[in-house]
Amino acid sequence: MKILITGGAGFIGSAVVRLAIARGHHVVNLDALTYAANLENVAQAAQSDRYAFEQADIRDRAALDRILADHRPDAIMHLAAESHVDRSIDGPAAFVETNVIGTFNMLEAARAYWTAQGKPDGFRFHHISTDEVFGSLGETGQFTETTPYDPRSPYSASKAGSDHLVRAWAETYGLPVVLTNCSNNYGPYHFPEKLVPVVILKALSGQPIPVYGDGGNIRDWLYVEDHADALLLVLEKGQLNRSYNIGGENEATNIDLVRTICAHMDDLHPAGAPHADLITFVTDRPGHDRRYAIDPTRIRTELGWRPSVTVEEGLRRTVEWYLANRDWWQPLLDRDGVGKRLGTA
Ligand code: NAD
């Protein structure tokens, strides 16, 4: 299959590119190369003669039309997005432009292309989204595919808007779509401003490890390579016009997650242990959702998917990866003041 993957130079998109190439697919990676992108993430996959790269912005409809006509993909996986909640609070405009208008452009370009191709049966538009669209849970309960939307940050509101557009294009124009809503990902190639790499890099440099509020916010953590595997499965076997929740069944409070990372650091990088002594509670993020939890029954029972690693194992692999790959993250810290902002430069 030839798959057009948007956002394929980002964290999750690059994991999908690597896996799709490893499984013998052809990949066209469409990415604007924003601050969050890094073509190093796909350096090995890019050696394949089944890989092509197009630098383009999903806000540019004409570019999307040209790329679809040139490459004639069998399916589209749409991951390109502004993805960082803290950045969405500081500057929401980019989130509306890329996540809402950009997705609208992708849908319109896909609809025109699919129609021009004679509406082939196998074509699919797979929209990749987040569990944050469902809002915040209390102590109990889990998000299912029918949980009402209740986004609370500019990021989650923009993703919710994009999800609604995708469903409307399926209902109104018959565009063949599948949707997925996934919990928090972690793993190799995660941009250094996100929680898991922040903890590792702060611990490595012996600096205070910031934890929002009381550390009691609960997330469901999924190893990024397991997410990529689930996404390819939904693309190939998911029912049309259906959404699938993807989660790791690994609920953890932020403070427990941070302590687990510190314990792996103590083991793998004993200098500076015990790293948990560096944990420092900082003022909470405004509107910080308390708890997310995914009910993955549909993807498990319909498609037979389950995660391959526990959070314990996945976090260990992630710590090992960051310790072994300073060449990957150091230039990112040196770039655009990211390191300075995080205090890790
Ligand atoms: P990321 O920020 O690491 O990567 C996003 C990629 O999209 C980057 O390569 C960037 O250059 C590209 N991009 C941004 N704006 C663009 C534009 N206007 N045109 C073209 N390309 C553009 O994000 P990620 O964490 O890999 O997330 C990928 C997708 O998965 C997003 O849609 C996100 O909402 C969703 N998601 C993320 C998580 C998570 O935990 N990170 C969980 C569930 C769903």
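The model is predicted: local features need pLDDT of at least 70, side-chain atom pairs count only at pLDDT 80 or more, and totals for chains, interfaces and linings use all residues. Residues are numbered from 1 along each chain as its sequence is written, and side-chain values use heavy atoms, without hydrogens and water.

**Domain**
- An unreviewed UniProt entry places "domain: NAD(P)-binding" at residues 4–318; such annotations may be inferred rather than shown by experiment.
- Residues 4–318 are 41% helix and 18% strand (DSSP runs, numbered from the N terminus: helices H or I, at least four residues; strands E, at least two).
- The end C-alpha atoms of this stretch lie 28 Å apart.

- Three strands form an open, mixed sheet in the order 7-9-11 (strands pair if DSSP finds at least two bridges between them).
- Strand 7 (184–186) and strand 11 (251–253) are the edges; each has a single partner strand, so one side of each lacks a neighbour in the sheet.
- From one strand to the next, the twist averages 50° (axes are lines fitted to C-alpha atoms, for helices over the stretch in contact; angles run from 0 to 180 degrees between N-to-C directions).
- Strand 9 (residues 218–223) runs antiparallel to strand 11, joined by three bridges.
- Asp220 stands opposite Glu251 in strand 11.

**Helix pair**
- The axes of helix 1 (residues 11–22) and helix 7 (residues 224–237) come within 9 Å and cross at roughly 65°.
- Contact (heavy atoms within 4.5 Å) involves residues including Phe11, Ile12 and Leu19 of helix 1 and Val224, Leu231 and Leu232 of helix 7.
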